[in-house]
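Thanks for coming, everyone. Let me put the structure up, and then I'll walk you through the parts I'd like you to look at.

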Amino acid sequence: MSAPGTASPASSGPGKRPLVVGLTGGIGSGKSTVAEGFAALGVPVIDADQLARELVEPGQPALEEIIAVFGVNCTDGDGKLDRDYMRRQIFADATRKRQLEAILHPKIRQRIMSLLAAISTPYCIVVIPLLLETGQTDLVDRILVIDTPAKEQLKRVAARDGLTHNAVMAIMATQTDRSTRLQAANDVIINDRGLDSLSSRIQELHQFYMELSHDH
């Protein structure tokens, strides 16, 4: 993370740059819901997963690179990336996972930096699910972890994605464990209650970040 007063990749020229809050958490923790809460308050949100989806659209260089490495079977009949096929590939073989990351991560990072440079609000949110796993903490000033009990993660992901218990467990095993994630956090939202509680915590952090940005 950037130390107070030092330059970082998020710098936006000679003017004051925004406070950059990196939002992360395990699968099914509620990252998207929290990000939407901040966006509703007028906070710019940059979502690494959304950028990844844009980068692999048909015609994009990243998709061509993926096809060259993984073969034509990685696309469907419409020429779009077959996400189920890719999920099976990368979770079955760590080498394949690293190959995909080597293609996508530098491009996602470059795009995040470009978007950050255009932001003029006091602070912004950057959603990076694998913030810690990919060593991207230098992009942010603070780490906001969305924390949810493992059993709740399992239930949410199974309902959302239609995955089996074992499939969800396999995904969770590839992510930073809960205790390590919490140790790295500057701020935490415990997402184990209802939306009202979540909204209240988001509002509380919004005020905190606005105040913090004045001294940033």
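So, how many residues does the largest nonpolar core have, and which of them have the most contacts inside it? The count is 32 residues, and I66, M86, I112 and L116 have the most contacts inside that core. By nonpolar core I mean a set of buried Ala, Val, Leu, Ile, Met, Phe, Trp, Tyr and Cys residues joined through side-chain atoms within 4.5 Å. Buried is under 20% relative accessible area, exposed is over 50%, and partly exposed is in between, with a 1.4 Å probe and protein chains only.

Quick housekeeping. This is a predicted model, where local features need pLDDT of at least 70 and side-chain atom pairs count only at pLDDT 80 or more, while totals for chains, interfaces and linings use all residues. Residues are numbered from 1 along each chain as its sequence is written, and side-chain values use heavy atoms, with hydrogens and water left out.

The elements giving two or more residues to it are α2 (48–55), α3 (61–70), α4 (83–92), α5 (94–116), β3 (123–127) and β4 (142–147). Those labels are DSSP runs numbered from the N terminus: helices are H or I, at least four residues, and strands are E, at least two. The largest share, six residues, comes from α5. Apart from this core lies another one, of 17 residues, and V43, Y123, I125 and Y209 are among them.

Let's stay with α5 for a minute. At its start, a side-chain oxygen of D93 reaches to within 2.8 Å of the backbone nitrogen of T95. The 23 residues of α5 should span 33 Å at 1.5 Å a residue, and its end C-alpha atoms are 31 Å apart, which agrees. The expected span here is 1.5 Å times one less than the number of residues. There is a bend in α5, though, of about 30 degrees at E101; that's the angle between axes fitted to the seven residues ending there and the seven starting there.

Which residues of α5 are buried? They are R96, L100, I103, L104, I108, I112 and L116. An α-helix has 3.6 residues a turn, so residues three or four places apart point the same way. The buried residues of α5 pack against β1 (19–25), β2 (45–47), α2, α3, α4 and β3, with contact meaning heavy atoms within 4.5 Å.

Now the rings. There are four aromatic pairs, where rings of Phe, Tyr and Trp (its six-membered ring) pair if their centres lie within 6.5 Å, and planes under 30 degrees apart count as stacked, over 60 as edge-to-face and the rest as tilted. Y123 and Y209 make a tilted pair, 5.3 Å centre to centre with 55 degrees between the planes. That pair links distant parts of the chain: Y123 is in strand β3 and Y209 in helix α9 (residues 195–214), 86 residues apart. Y123 is buried at 1% relative accessible area, and Y209 is buried at 0%. Ring pairs link F38, Y123, F208 and Y209 into a cluster. F208, for its part, is partly exposed at 31%.

Last stop: D187, in strand β5 (residues 187–190). Is D187 buried or exposed? It counts as buried, at 7% relative accessibility. Not counting residues up to four places away in sequence, D187 touches R142, I143, L144, V145, L205, F208 and Y209. With R142 there is a side-chain to side-chain polar contact at 2.9 Å. A polar contact is a pair of N or O atoms within 3.5 Å; within protein, one must be able to donate a hydrogen and the other to accept it, and residues adjacent in sequence count only if both atoms are side-chain atoms.
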